Amino acid sequence: MFVYEKKLQYPVKIATPNPKLAAVIISQYGGSDGELGASMRYLSQRFSMPYPELKGLLTDIGTEELGHLEMVGAIIHQLTRDLSDEQIKTAGFDTYFVDRTAGVYPTSASGFPWSAASMAVKGDLIADLTEDLAAEQKARVTYDNILRLSDDPDVNDVIKFLRAREVVHFQRFGEGLRLAKERMNERNVYYLNPSFDS
Amino acid sequence: MEAAKRASMQAANAVASAMDDGCGAGAGTLPGVCASLAFPYIPMQESDPPRYAQNDAMRAGTLFPGLNLPFHKEVRSRFPNANPALSELMALDFAIQELGLYLTTHRDDREVLDLYWSYVRLGKQGREKYIEQYGPLCETDITPGSFRWLNDPWPWDLEGND
């Protein structure tokens, strides 16, 4: 089960509201490579994982991603607080505002609502962990792109932290694949699917 | 010319020594090692790897210098950007989290396990002190006098980290 702890993993304190920037960062909340998809991907994939290291890895990282989802939500919430009548008309944010006011909704910046179609659970450890490696890279690039688009030091401080986590997770998934390989058929890792054939 | 020759000799030697090490038909060679074909190759992080101090780990987003690979557009980290007691707890919890995740793929690293458990013990003490002063971290935390779980601020509030 999950138990909530009333603190963030890393502090979020944004001095200046900026709805236009919020409309971009929302992609890491509910976009195709965002934190909601990351946590759902890992926490779902773990059920069919055959080895304890992989169950532990997906549980740890999937749980951490839920903490990141909360941090990205906090950024959006703080960037859209106390908005004036003028600010809600900001190009880029007005189309979000008309549907969601200042609520935090899992959608991509382009307006496409979060979809399970953006993640995969294949029930095969090589396929799933290889997907996870790619997912960490895609999230890393999205954070790179946010750093290119944002000049707000309070926001970028948090984005820098979140981006660094993607690199660490990539390394750990790679290590998970290596550990798994040691247990698979040494001549042909594709001989059977250890997530299914026992 | 001489340098190019040396490089090609080295490459040939690496392949030869990899063959000596028993890289069979199912394996290709990377410089110095056998690597299986058609399988992603990411090296294991070394055992008992170098580590940052806790606050530096928060600034880098990782406890491990070897995994600190920043983007060119990054700003200097503002951590600690929260009240000192909360920052201290966050930094300690982050070190615990990083070590725990490391241990999932390095379960036999005794040095790191000992460090992990010593941080976990510190974390338990730090948590009790924090709860006494600032209120509950979990809904089940017992606080003197009244039910303080609902008190503002919540973590996502602007004041949530003050």
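Trainee: Where is B:Pro153 placed?
Mentor: In this predicted model, B:Pro153 sits in the segment after helix 4 (110-134) of chain B.

Trainee: Which kind of peptide bond joins B:Asp152 and B:Pro153?
Mentor: As a general idea, most peptide bonds are trans. The bond joining B:Asp152 and B:Pro153 is cis, with omega about 0 degrees. Another cis bond runs from B:Phe79 to B:Pro80, where omega is near 0 degrees. B:Pro80 belongs to the loop between helix 2 and helix 3 of chain B.

Trainee: How should I read the phi of A:Asp82?
Mentor: Most residues other than glycine have a negative phi. A:Asp82 is not a glycine, yet its phi is positive, about 50 degrees. The residue is in the loop between helix 4 and helix 5 (94-100) of chain A.

Trainee: What is the phi of B:Asp48, and is B:Asp48 buried or exposed?
Mentor: B:Asp48 has a positive phi of about 40 degrees, again without being a glycine. B:Asp48 lies in the loop between strand 2 (33-36) and helix 2 of chain B. B:Asp48 counts as exposed because it has 11 C-beta neighbours inside 10 Å.

Trainee: Now the packing. Which residues have the most contacts inside the largest nonpolar core?
Mentor: That core has 66 residues, and those with the most contacts inside it are A:Ala22, A:Ile25, A:Met71, A:Ile75, A:Ile76, A:Val158 and B:Met90. Elements of chain A that each supply at least two residues of the core include helix 1 (19-25) and helix 3 (35-45). For A:Ile76, leaving aside neighbours within four places in sequence, the contacts are A:Ala22, A:Ile25, A:Ile26, A:Tyr29 and A:Val104.

Trainee: How many residues does the contact take from chain A and from chain B?
Mentor: In general, the size of an interface is often given as the accessible area lost when the parts come together. Counted by residues, the contact here takes 47 from chain A and 36 from chain B. On the side of chain A that touches chain B, helix 4 (52-79), helix 6 (125-149) and helix 7 (153-181) each supply at least two residues. Helix 7 of chain A gives the most, with 19 residues. The residues of that side of chain A divide into 17 nonpolar, ten polar and 20 charged.

Methods:
Residues are numbered from 1 along each chain as its sequence is written. Chains are lettered from A and ligands numbered from 1 in the order in which they are written. This is a predicted model: local features need pLDDT of at least 70, side-chain atom pairs count only at pLDDT 80 or more; totals for chains, interfaces and linings use all residues. Two residues are in contact if their C-beta atoms, placed from the backbone, lie within 7 Å. Helices (H or I, at least four residues) and strands (E, at least two) are DSSP runs, numbered from the N terminus. Ala, Val, Leu, Ile, Met, Phe, Trp, Tyr, Cys and Pro count as nonpolar, Asp, Glu, Lys and Arg as charged, and the others, Gly among them, as polar. A nonpolar core is a set of buried Ala, Val, Leu, Ile, Met, Phe, Trp, Tyr and Cys residues joined through C-beta atoms within 7 Å. A residue is buried if 20 or more other C-beta atoms lie within 10 Å of its own, exposed if 12 or fewer, and partly exposed in between; C-beta atoms are placed from the backbone.
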